[in-house]
Amino acid sequence: MMKLSASICLLVVLAVANQAQADSLKSSQSSVVQELKKQKGNEIKSTNQMQDSTSLSTCSIRSNAVFKGWPDMKRPCVEAMRHQIQKEIFASTQYLAMAAHFATDTVNRPGFAEHFIKAAKEEREHGSKLVEYLSMRGQLTDTVKNLISVPTVAVEKWSGLSALEAAFKLETEVTNSIRALIKTCEGTAKSGEDNDYHLVDYLTGVYLEEQLTGQRELAGQITTLEKMMSAHGELGEFLFDKNM
């Protein structure tokens, strides 16, 4: 009888232990499920925030109706302006390549290097001014992705004279490009309705004067360097560099 009672007690103890383990496992599973739900909720919230942020960054701002007709530049003129901006950036990059060449220790022409650094800065500023002008006229409200591309420029072992000659040729190309831009923006209509008077005046009075002055300066430098090298050879280039 005592053995039977002991067996019953043992069974009861085992049943209670099993029930406790089951309750513990169920509680643990419930905690895991709650934690997974919490993580899932945070992920969904984070995703929604990212989507909202993306929508905010890519939303298109509607232009005020009062602005209708304000960007009054004609499309051929705008395209020619964009082309000229790229032309200025190309010239700037080419001058940087020349400056880097003369700045190397094996060439060591600090005067030429400084000259072309300044020339690169001027051309870059010209491009920036044209970008600012387009912005002032309301022409940069759609996209600027195709406004400037990184150009590939020639890298050579220039002498002082060949570099100045290449610079003169490049300045001539830029000058001719500005003249073509002016002609485009003057329009073709006899009534003058497509003539962008303000831009034409700006280009003629500011840009052309700088270009023509720069060309004359380069022409004088080329002539002087030719004379010095004719009389003194490579020493003439050395002396010319020291006085640039």
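Residues are numbered from 1 along each chain as its sequence is written, and side-chain values use heavy atoms, with hydrogens and water left out. Because the model is predicted, local features need pLDDT of at least 70 and side-chain atom pairs count only at pLDDT 80 or more, while totals for chains, interfaces and linings use all residues.

**Stop 1: the disulfide**

Select Cys77 and Cys185, which are joined by a disulfide with an S to S distance of 2.0 Å. A disulfide here is a pair of cysteine sulfur atoms within 2.5 Å, and the structure holds one. Cys77 is in helix α2 (residues 75–103) and Cys185 is in helix α4 (residues 160–186), so the bond links distant parts of the chain, 108 residues apart. Helices (H or I, at least four residues) are DSSP runs, numbered from the N terminus. The torsion about the S-S bond is about 90 degrees, so this disulfide is right-handed. Are the two cysteines buried or exposed? Cys77 is buried at 4% relative accessibility, and Cys185 is buried at 0%. Buried means under 20% relative accessible area, exposed over 50%, and partly exposed in between (1.4 Å probe, protein chains only).

**Stop 2: His101**

Stay in helix α2 and select His101. This residue is buried, with a relative accessible area of 13%. Leaving out residues up to four places away in sequence, His101 touches Val107, Glu156, Lys157 and Trp158. Contact means heavy atoms within 4.5 Å.

**Stop 3: Leu208**

Next, select Leu208 in helix α5 (residues 197–232). Leu208 is buried, at 13% relative accessibility. Which residues does Leu208 contact, leaving aside its neighbours within four places in sequence? They are Thr175, Ile178, Arg179, Ile182 and Leu203.

**Stop 4: helix α6**

Move to helix α6 (residues 234–242) and select Gly236, Glu237, Phe240 and Asp241, which are buried. Seen down the helix axis, the buried residues of α6 fall within an arc of 135 degrees, so they line one face. The arc is that of the directions from the helix axis to the C-beta atoms. Their cover includes α3 (110–136), α4 and α5.

Now select Leu239, also in α6. Leu239 is partly exposed, at 33% relative accessible area.

**Stop 5: salt bridges**

A salt bridge is a side-chain nitrogen of Lys or Arg within 4 Å of a carboxyl oxygen of Asp or Glu. By this rule the count comes to four.

Select Glu237 and Arg109, whose closest N and O atoms are 3.1 Å apart in a salt bridge. Glu237 lies in α6 and Arg109 in the loop between α2 and α3, so the pair ties together parts 128 residues apart in sequence. Both residues are buried.

Then select Asp196 and Arg137, which meet in a salt bridge at 3.0 Å, N to O. Asp196 lies in the loop between α4 and α5 and Arg137 in the loop between α3 and α4, so this pair ties together parts 59 residues apart in sequence. Asp196 is buried at 10% relative accessible area, and Arg137 is buried at 11%.

Last, select Glu114 and Lys118, a salt bridge with its closest N and O atoms 3.5 Å apart. Both lie in helix α3, four residues apart, about one turn of the helix. Glu114 is partly exposed, at 45% relative accessible area.

Key:
Helices (H or I, at least four residues) and strands (E, at least two) are DSSP runs, numbered from the N terminus.
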